[in-house]
Amino acid sequence: MPKFSHNGMPRRLLLIGGGIAVAVVLLAGFRVLRFCLDRIAGDFFYPYLELARRGTDRLSDLTLLGYSRRELAAKVEELQQSSRQLALQSANAAELLRENQQLRRLVRLEPPEGWNQVVGEIILRDPLLWGQRFTVNRGTEHGVQPGSAVLDVSPDGRPLLVGIVDEAGRHSSRVITLFDPELRISGRLTTAGTVGIINFSERRPTSGRITIGLLPAHLHYLPGEAVVSTGFERNLPPGILIGTLNQADVPGSIYSNVLQVSGTLTPAADPSRLRFPVILTATRDTP
């Protein structure tokens with residue numbers, strides 16, 4: 001038989017309800033007590049912590065006042081030199097990262113069928129013709145020949161034409177890039193389906209752009225269309241991206257007797273930032 005209290009409720013229910021009430025009161029009291037202790041402890045320790053901080057700052061100020069002007073100037077110079085060294089190390093690290101990424105792309109580059117590739121390093125540049133000519137540490141003993149294509153690789157792994165080998169020695173070769181007016185090669189416009197000659201125009205090249213001439217005047221040219229190599233030149237395979245067309249001349253009227261027009265294009269490769277070019281060498285005799 002269950003035991004009842006004087007008011008008729010079971011004694012077990014009373015005990016459970018009383019326990020819950022006591023737990024609620026204890027939890028609320030603990031939170032209030034903890035909040036009060038945190039406020040007391042914070043207000044108690046804050047002056048001492050603040051005093052220590054002020055003492056450290058004051059000691060630093062007095063230490064600086066103890067230096068003479070010459071000593072302070074030497075300290076400032078030392079800090080500036082350390083800052084310059086850190087900035088130089090950061091720049092070198094960024095350059096190493098960029099070169100590492102480029103080398104990884106070169107490793108994954110697949111040469112066209114019937115061609116091999118040789119990865120070289122630029123060892124000499126002309127300060128006045130920085131983006132037009134340079135010398136690489138690969139020569140005839142590595143299979144390099146005059147007219148060999150010199151390439152860079154895009155971030156998505158596509159080969160980009162930088163220029164061609166102008167002179168090949170046994171251990172080194174001189175390269176002329178697309179920005180050199182002496183380099184004249186054929187280029188095929190992929191959309192118009194016609195062929196022009198790079199650096200063969202009365203136009204004057206502008207910064208970051210080169211010219212293309214002998215384009216048929218009766219065709220319509222779209223800005224942004226790709227220009228690739230034709231394969232007409234020896235040691236230069238077809239389909240290598242040269243750049244993108246910016247604009248082409250338009251005849252003045254439909255009755256104009258102009259047969260050819262010229263235009264400008266932006267090369268896909270930037271030889272001024274290149275360090276490790278790829279040189280294509282034929283595995284067989286090219287026609």
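## A strand pairing to start from

R188 stands opposite V228 in β10. Strands here are DSSP runs of E, at least two residues long, and helices are runs of H or I, at least four residues long, numbered from the N terminus. Two strands pair if DSSP finds at least two bridges between them.

β10 also pairs with β11 (residues 241-248). This pairing is antiparallel too, over three bridges. Within this pairing, V227 stands opposite G243 in β11. In a regular strand, side chains alternate between the two faces of the sheet.

## The model and its overall make-up

This is a predicted model; local features need pLDDT of at least 70, side-chain atom pairs count only at pLDDT 80 or more, and totals for chains, interfaces and linings use all residues. Residues are numbered from 1 along each chain as its sequence is written, and side-chain values use heavy atoms, with hydrogens and water left out.

The protein has two helices and 13 strands. It has 287 residues, and 30% of them count as buried. Buried means under 20% relative accessible area, exposed means over 50%, and partly exposed lies in between (1.4 Å probe, protein chains only). The accessible surface is about 19,100 Å² (Shrake-Rupley method, 1.4 Å probe). Carbon and sulfur atoms hold 59% of that surface.

Contact means heavy atoms within 4.5 Å. Take the contacts between residues at least 6 apart in sequence: 59% join residues at least 24 apart.

## Two positive phi angles

L214 is not a glycine, yet its phi is positive, about 60°. L214 is found in strand β9 (residues 210-216). Its relative accessible area is 40%, so L214 counts as partly exposed.

N235 also has a positive phi without being a glycine, with a value near 65°. N235 lies in the loop between β10 and β11. N235 has a relative accessible area of 6%, so this residue counts as buried.

## S262 and its surroundings

S262 sits in strand β12 (residues 260-267). With a relative accessible area of 11%, S262 is buried. Leaving out residues up to four places away in sequence, S262 touches S201, R203, I212, G213, A248 and D249.

The side chains of S262 and S201 are joined by a polar contact of 3.2 Å. A polar contact is a pair of N or O atoms within 3.5 Å; within protein, one must be able to donate a hydrogen and the other to accept it, and residues adjacent in sequence count only if both atoms are side-chain atoms.
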